[in-house]
Amino acid sequence: MKSTVYFSREITPKKVAEIYDCLNVNLPGKVAVKLHSGEEGNQNFLGPDFWELMIKKLSGTVVECNTAYEGARDTTEKHLKLLEKHGWSKYFDVDLLDAEGPDAVLESAKGKVIKKDYVGKNLMNYNSLLVLSHFKGHPMGGYGGALKQLSIGCASSFGKAYIHGAGEPEKIWSSDHDSFLESMADAAMMVDEHFAGKAAYINVMANMSVDCDCCAVAEDPCMKDIGILASLDPIAIDQACIDLVLSADDPGRDHLLERINSRNGIHTIEAAAELGFGTREYELIEIK
């Protein structure tokens, strides 16, 4: 059975809220809004001004976790300062999920590489999840979208190392690459199943650099903006984004695809689909 993915070529804060309404979903209770707060120095991330209308529409709380690499977000103290500097704390309630330990542990016997996912413990305080993803390239994963936000994004600092190391955090930068990608799929499944149908996903295909918003020094965007997508299926929405890049008539398309393909980025989607918490088959419905 195909999943439904809504698509608009118009990229505005108002259109984000409108395309969310197309999902006809009610996210109950306390809503965690997972997004990328942007590394210090990054010029491509989507900031509070862009997301304000959508987040306030749901009275959501912006949630983030500390990083596992050196930078402006690798400690609670530094990360909280950056969240304030980038304006997130000014606009919204903000919750750094792993500000204090111990981590919460999600478990699933269905995981292909990892059976546990270490997430920021405060994630357990939320009833539902809205994932707002800036679709772009990534130095290790090939691309960043909904699946990366679910996995690496919701993972604590230790959890990020655990996923990167395919269950061996000490191998954070040296694990088998495909095993890392499969671990991301496993972790994404565990977070998606934790919210059990009380999650929604929006991907914005704008400012598409080959580099992630986690890069302090990132390449400028290499191709024109494409649009906004929304779905209840994190696998389908990422696959739809990949397909829109593939079908684009843009001189920068091949540069972005080289980044995605050289890191075997599609394998995360393949592995996630094998786990069965979504599908790569979708119907794209364009909203004018």
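Tutor: Buried means under 20% relative accessible area, exposed over 50%, and partly exposed in between, with a 1.4 Å probe and protein chains only. This is a predicted model in which local features need pLDDT of at least 70 and side-chain atom pairs count only at pLDDT 80 or more, while totals for chains, interfaces and linings use all residues. Residues are numbered from 1 along each chain as its sequence is written, and side-chain values use heavy atoms, leaving out hydrogens and water.

Student: Is Asn24 buried or exposed?

Tutor: Asn24 has a positive phi of about 50° although it is not a glycine. Asn24 lies in the loop between helix H1 (13-22) and strand E2 (31-34), where helices (H or I, at least four residues) and strands (E, at least two) are DSSP runs numbered from the N terminus. With a relative accessible area of 73%, Asn24 is exposed.

Student: Where is Asn207, which has a positive phi?

Tutor: The phi of Asn207 is about 50°, and Asn207 counts as partly exposed at 25% relative accessibility. Its place is in the loop between strand E10 (199-205) and strand E11 (227-231).
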